[in-house]
Amino acid sequence: MPNLNSNLRVNGDRLWDSLMEMAKIGPGVAGGNNRQTLTDEDAEGRALFQKWCEDAGCTMGLDQMGNMFASWGGTDPDALPVYVGSHLDTQPTGGKYDGVLGVLSGLEILRSLNDLGIKTKHPIVVTNWTNEEGTRFAPAMLSSGVFAGIHTQDWAYEREDAEGKTFGDELKRIGWRGDEEVGARKMHAFFELHIEQGPILEAGEKDIGVVTHGQGLSWTQVTITGKDSHTGSTPMPLRKNAGLGMARVLEKVDEIAWSHAPHAVGAAGHIDVYPNSRNVIPGQAVFTVDFRSPDLSVIEDMEARLRVEAREIADDMGLGIEFEKVGGFDPVTFDEGCVTAVRDAAERLGYSHTNLISGAGHDACWINRMAPTAMVMCPCVDGLSHNEAEEISIEWATAGTDVLLHAVVETAQIVE
């Protein structure tokens, strides 16, 4: 009987074939995927995943947020399951691996255990969390957030997309609203494999990222108000240029983030300027400042400095300014035991590894509140993600899944 001291590994070719087969559903225009949550393409991807899971001997559970739970094995009926998974939904111009690798690697673990005739004391459950991306229905990690008690189900159901369609109605329309109470499941542990979405592993020539922490996030929407007027006939001393005020505030955002190097980051990705006409000085600028750090005190300091120093800029320029906290979550420290299981697995298998702090939000960040949790990361080319050009190698995918296999099986306990 194989055990964790032997050459226990997954079938990398089969994993890769599954990734490529799933990528055929909701293809993008440039080689990636557009399989946004609760679309017909999402429903098709879910159906394929369910078929594969049932072929592997799983029974499928479905809760009222559409979260999918494929349950396998377990010789002890009283043992809590070890969960593993991620998400199948993508960005509108997403890659083939973001989230998907974490779901299909869980499936590959079960297939490999079947091949080897291995049984575990604890059941293993592969999960597809609904609407991790948050592109169509904000916020991100919506359904794992309901599962963890961060959001109420009613509030989640009322989220609207750009066309005014609600999450609840669309979930029902595609036929993937289950009856199971959200959050009722109890977990022994949860593991999530994900591409890094950053350049550290590739640049350092490391096979595996052992994720110890997740960055906290703060979103502050800033509204600067000036006076829109003619760009040609308004003298420079008489202008109240909200766009210029925004530019100076964004320089300050960059300065604030740099002051907490190397782990803090800050920028504004969402920017609207009004009236956004070529010959009109902007009278209003609305933008969202995104600060992140693994240290809550650093986030709080950056938030406070933004409000003080941005107001000083606005006052000096004769501009109005308002701040609204529109999102965020505290930093995450993953479970020491689960993190150790990931690190030990990488060492046992001979893969090079390094500790990582996740710069992006993941379902594991919410589930960490419910059960011992850890993440595994593999490199991606140039750190590129949320882009159709996102790419990984079969070797990276296989190494990450091998480590995931060992961490999950160690936690689920092989039955000799």
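Two rings of Phe, Tyr or Trp make a pair here if their centres lie within 6.5 Å, taking the six-membered ring for Trp. Keep in mind that this is a predicted model.

**View 1. Five aromatic residues gather in one cluster.** The members are Phe69, Tyr83, Trp129, Phe147 and Phe190. Zoom out to the whole structure and a search turns up 9 aromatic pairs.

View 2. How much relative accessibility does Phe137 have? It's 0%, so Phe137 counts as buried. Phe167 is buried too, with a relative accessible area of 0%.

**View 3. Phe167 also pairs with Tyr157, and this pair is stacked.** Here we get 6.3 Å centre to centre and 25° between the planes; anything under 30 degrees counts as stacked. Tyr157 sits in helix 5 (residues 153-157) and Phe167 in helix 6, so to speak a link between distant parts of the chain, 10 residues apart. Tyr157 has 16% relative accessibility, and that still counts as buried because the cut-off is under 20%.

**View 4. Arg111 puts its charged end over the ring of Trp52.** The distance to the ring centre is 5.4 Å.

**View 5. Arg159 lies over the face of Trp155.** In this close-up, the ring centre of Trp155 is 3.9 Å away from Arg159.

How values were computed: Residues are numbered from 1 along each chain as its sequence is written. This is a predicted model: local features need pLDDT of at least 70, side-chain atom pairs count only at pLDDT 80 or more; totals for chains, interfaces and linings use all residues. Side-chain values use heavy atoms; hydrogens and water are left out. Rings of Phe, Tyr and Trp (its six-membered ring) pair if their centres lie within 6.5 Å; planes under 30 degrees apart count as stacked, over 60 as edge-to-face and the rest as tilted. Buried means under 20% relative accessible area, exposed over 50%, partly exposed in between (1.4 Å probe, protein chains only). Helices (H or I, at least four residues) and strands (E, at least two) are DSSP runs, numbered from the N terminus. A charge sits over a ring if NZ of Lys or CZ of Arg is within 6 Å of the ring centre and within 35 degrees of the ring normal.
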